[in-house]
Amino acid sequence: MHLRDYLIQTDNATTAATDVRAGLAETVEISRNSTRQTITDVAKELGFASTIAMVERLKANGFDMFVTVVTAGCRFDDPETIAAIDAAVAAGAVTAEEAVAIKAMGITTGPAWRKWSLASLPSVEEIEAAQATIASDELAEQVAQRYQSVRDAMAAGEVLTWEQARAALGAE
């Protein structure tokens, strides 16, 4: 997507460029993976030795049911699964790094500019230039519409003189 299209679609054509850039730099949800994944998928992500060690810590901290659920398969984008992962982190059964990796199997986050398929985070100057182009295009469209309405009025015999045309165009 082009920056101009993003600004129009999100009604940011007249928003302060610094605010637009800050919004594009924010971390947002980019995609979800709602497929059921198992402990094998976790092992592929974390490595088998790390997964075995994590499973042992989970069992030692009373998270046997969570281990059973993950072994059978669960969705890592599910709020209850995410809450269980957070509880396991709080109990010391899962490290923060493991939790981030496991949660990313269900929900991918990143900067908003990536969600909107922009090539990179635009500079304030690039945003201002795109906004200026949008404003110029809107003005050109207004002028073209007014011109066409006068041409239509002339064809209908409603505008017959230069003074009438200037008045219809809004010229002073």
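Which side chains does a polar contact of 3.0 Å join? The side chains are those of N12 and T15, a polar contact being a pair of N or O atoms within 3.5 Å, where within protein one must be able to donate a hydrogen and the other to accept it, and residues adjacent in sequence count only if both atoms are side-chain atoms. The model is predicted, so that local features need pLDDT of at least 70 and side-chain atom pairs count only at pLDDT 80 or more, while totals for chains, interfaces and linings use all residues. Residues are numbered from 1 along each chain as its sequence is written, and side-chain values use heavy atoms, with hydrogens and water left out.

N12 is found in the loop between α1 (3–9) and α2 (17–25); helices are DSSP runs of H or I with at least four residues, numbered from the N terminus. With a relative accessible area of 15%, N12 is buried (buried means under 20% relative accessible area, exposed over 50%, partly exposed in between, with a 1.4 Å probe and protein chains only). Leaving aside residues up to four places away in sequence, N12 touches Y6, L7, V20 and Q131, contact meaning heavy atoms within 4.5 Å.

Helix α3 (residues 39–46) contains the buried residues V42, A43 and L46. These residues lie on the same side of α3 because they cover an arc of only 100° around the axis, the arc being that of the directions from the helix axis to the C-beta atoms. The buried residues of α3 pack against α4 (48–60), α5 (64–72) and α7 (96–104). Just after α3, G47 adopts a positive phi of about 100°.

Another glycine, G170, belongs to the segment after α10 (162–169). G170 counts as partly exposed because its relative accessibility is 46%.

Key
Helix = DSSP H or I, 4+ residues; strand = E, 2+ residues; numbered from the N terminus.
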